[in-house]
Amino acid sequence: MTEQTTEQTVNTDETLETLATDAQPEQDEVASLKADIAALQDEVKQAKEAAARANADSYNAQRRMEQETEKAKRFALQKFAKELLDVVDNLERAIDNGEKTGTDEAALEGIRLTHKSLLGVLEKNGVVAVGAAGDAFNPEIHEAVGIFPEAAKDTIGQVLQKGYMLNERTLRPAMVLVGA
């Protein structure tokens, strides 16, 4: 080989060596950037999951608050309605007593209308009477205080005191005599 060819070979080898040396830092930099991208993608994924969880928690809390508010509205009248039941009982006693003693019909009619009006207001607000003679006995809304021999088994024979429910919740159980 000639001297020039040898010099070109040496130069080519040096160039390849330089290119290989220069390529190494670039490869390291590419690998580092790829690792950074993967880490950032993982962070984005975690942030999206956290946001979704926070959104679901917020939605659940809002729904729970709405349910609690609705429940509070439905049963806010419970104590007041329970106290009004004594008034209903007294009006019913007055009607029964008036019919037995022959009280003035006009006064008796006034008591009946007051009783009817009070029951209407209670019903409008979700309070309904439960426990009539002939109904099936239900321990959740009736309180058996004795046996009524003429009634069929597990059937209400006589109602001693009406029971009332507020929006499907027992305010006061009906006191009844049940067939055995």
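The expected span of a helix is taken as 1.5 Å times one less than its number of residues, and helices (H or I, at least four residues) and strands (E, at least two) are DSSP runs numbered from the N terminus. The model is predicted, so that local features need pLDDT of at least 70 and side-chain atom pairs count only at pLDDT 80 or more, while totals for chains, interfaces and linings use all residues. Residues are numbered from 1 along each chain as its sequence is written, and side-chain values use heavy atoms, with hydrogens and water left out.

**View 1. Helix α2 and the elements that cover its buried residues.** Buried residues (under 20% relative accessible area, with exposed over 50% and partly exposed in between, for a 1.4 Å probe and protein chains only) are, in α2, A81, L84, L85, V88, D89, L91, E92, I95 and G98. An α-helix has 3.6 residues a turn, so residues three or four places apart point the same way. The cover over the buried residues of α2 includes α3 (105-124), β1 (127-130), β3, β4 (163-166) and β5 (169-172). After α2 comes G102, with a positive phi near 75°.

**View 2. The largest nonpolar core.** A nonpolar core is a set of buried Ala, Val, Leu, Ile, Met, Phe, Trp, Tyr and Cys residues joined through side-chain atoms within 4.5 Å. The largest one holds 13 residues, of which V88, L118, L122, V127, Y164 and L171 touch the most other members. At least two residues of this core come from each of α2, α3 and β4, and α2 gives the largest share, 5 residues. Leaving aside residues up to four places away in sequence, V88 is in contact (heavy atoms within 4.5 Å) with H115, L118, L119, L122 and Y164.

**View 3. The largest pocket.** On a 1 Å grid over the protein atoms alone, a pocket is an open set of points where a 1.4 Å probe fits, with protein on both sides within 12 Å along at least five of seven lines, and lining residues have an atom within 4 Å of a point. The largest pocket has a volume of about 220 Å³, a volume being the space filled by probe spheres set on the points. Its lining consists of D89, E92, R93, D96, H115, V159, L160, Q161 and K162. Two or more of these residues come from each of α2 (78-101) and β3 (156-161), with the largest share, 4 residues, from α2. By class, the lining has 2 nonpolar, 2 polar and 5 charged residues, where Asp, Glu, Lys and Arg count as charged.

**View 4. H142 in strand β2.** H142 belongs to strand β2, which covers residues 142-147, and counts as buried because its relative accessibility is 5%. Beyond residues up to four places away in sequence, H142 touches G131, A136, F137, I156, P173, A174 and V176.

**View 5. Two loop residues with positive phi.** D154, in the loop between β2 and β3, is not a glycine and has a positive phi near 60°; at a relative accessible area of 44%, D154 is partly exposed. N167, in the loop between β4 and β5, is likewise not a glycine and has a positive phi of about 50°, and its relative accessibility of 22% makes N167 partly exposed.
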